[in-house]
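Please keep the structure open while reading.

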Amino acid sequence: MQIYMCIGHAAYDITLPVESYPIENTKVRIAHGVECGGGAAANAAYLLSKWGMKTYFVGAVGNDLYGERIKNEFKTIKTNIDYLETTDAFRTTTSYILANSGNGSRTIIVSRDKKTGVTNLDYDVRPDVILVDGEELEASKKVLLENPNSISVIDAGNLKPNIVELCKYVKYLVCSKDFAEEYTKEKIDVSDESSLIRVYKKIKEDYQNTLIITLGKDGSFAEINGKYELIPSLKIEKPVDSTAAGDIYHGAFTYFIGNGHDLYNSIRLANIAGALSVKCLGGKNSMPDLDKVLEIGEELVI
């Protein structure tokens with residue numbers, strides 16, 4: 001079986017459902033929220049384990065209650081956490097998420113110590129597939145450089161120096177619309193393909209790897225077999241919570257591209273996985289079953 005390795009951020013998410021964004025200086029009464037582990041690479045590792053892959057997670061948590069809960073979640077799903085460090089040097093990052101049931105959006109407040117990250121950079125494992133989220137620069141760079149023949153993916157969610165640096169070392173640069181616009185200093189109009197192509201070409205000039213721009217509910221944009229393709233997403237009528245939708249998309253893409261699917265179908269199926277996730281509250285609760293993604297992929301031509 002192939003070995004997957006996800007390197008990056010682990011956090012603890014506390015998701016609170018609200019009917020609309022709260023007005024300042026008011027009291028809001030809500031139903032019970034959802035608590036679970038979060039973080040881009042951590043969520044992707046959890047999904048890959050859920051889908052049956054032998055998966056390692058590299059990251060760090062604090063020696064505290066939330067860190068223990070994150071580790072126990074990984075143990076339950078059989079993610080290998082030999083390289084998940086526990087430290088007294090900082091507290092586990094906590095994210096407080098307001099999930100707006102009125103429109104499916106989420107607002108995140110992050111409580112994070114200034115200094116976080118792994119200290120151990122010695123890994124005996126040689127992964128076949130690598131996913132990084134930019135939060136662990138040195139660990140990510142070391143693994144990528146030591147495994148040049150591995151399939152490698154970056155979740156480039158925003159324009160941070162670490163992410164920009166790591167984009168040079170991966171085979172698949174999967175970036176968000178926000179990253180693409182900030183990097184190129186150009187706005188994307190999804191209805192205007194020329195704006196997508198212009199932004200795409202600018203990024204492609206700097207990174208000679210396979211580039212995919214994710215566009216949320218509008219799908220994904222890529223060049224496939226010499227042709228630019230806007231691959232639409234699955235339409236969800238009443239989204240509940242978009243928390244972790246991007247993480248699930250990246251985990252799903254990494255799964256499919258690592259298991260021999262071509263680029264078009266890897267993107268198409270990742271679109272479906274990400275879209276299905278907005279139907280449930282909380283990141284872990286919203287991770288779809290692989291069979292469901294494949295079933296919709298077979299039934300639906302999008």
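A cavity is a set of grid points, on a 1 Å grid over the protein atoms alone, where a 1.4 Å probe fits but cannot get out. The model examined here is predicted. By this rule there is one cavity of 30 Å³ or more. The largest cavity has a volume of about 90 Å³. It is lined by 14 residues, and H9, A10, A60, R112 and T116 are the closest to its centre. Sorted by class, the lining of the largest cavity holds four nonpolar, six polar and four charged residues.

A pocket, by contrast, is an open set of points. The largest pocket has a volume of about 1600 Å³. Its lining is made up of 50 residues, with R106, S242, A245, G246 and D247 lying nearest the centre. Several elements give two or more residues to this lining: the strands β2 (11–18), β6 (93–100) and β7 (106–111), and the helices α1, α5 (177–184), α7 and α8 (263–277). Which of the elements supplies the largest share of the lining of the largest pocket? The answer is α7, with five residues. By class, the pocket lining has 16 nonpolar, 21 polar and 13 charged residues.

Two of the elements that contribute to the pocket lining, α1 and α7, also pack against each other. Helix α1 covers residues 40–50 and helix α7 covers residues 245–258; their axes are 8 Å apart and meet at an angle of about 50°. Because of that angle, α1 is oblique to α7. The crossing of the two helices, α1 and α7, is right-handed. On the α1 side the contact is formed by A40, N43, A44, L47 and L48, and on the α7 side by D247, I248, G251, A252 and Y255. Of the residues in this contact of α1 with α7, seven are nonpolar, two are polar and one is charged.

A40 lies in helix α1. Leaving aside residues up to four places away in sequence, A40 touches H9, D133, D155 and D247. D206, for its part, is 166 residues from A40 in sequence, and the C-alpha atoms of A40 and D206 are 24 Å apart in space.

Notes: Residues numbered from 1 in each chain as written. Predicted model: local features only at pLDDT ≥ 70, side-chain atom pairs only at ≥ 80, totals over all residues. Heavy atoms only, no water. Axes fitted to C-alpha atoms, helices over the stretch in contact; angles between N-to-C directions. Helix = DSSP H or I, 4+ residues; strand = E, 2+ residues; numbered from the N terminus. Parallel < 35°, antiparallel > 145°, perpendicular 65-115°, else oblique. Left-handed = near helix turned anticlockwise from the far one by under 90°. Contact = heavy atoms within 4.5 Å. Nonpolar A, V, L, I, M, F, W, Y, C, P; charged D, E, K, R; others polar. 1 Å grid on protein atoms, 1.4 Å probe; cavity = no way out; pocket = protein on both sides within 12 Å on 5 of 7 lines; lining within 4 Å. Points joined across faces, edges and corners; volume = space filled by probe spheres on them.
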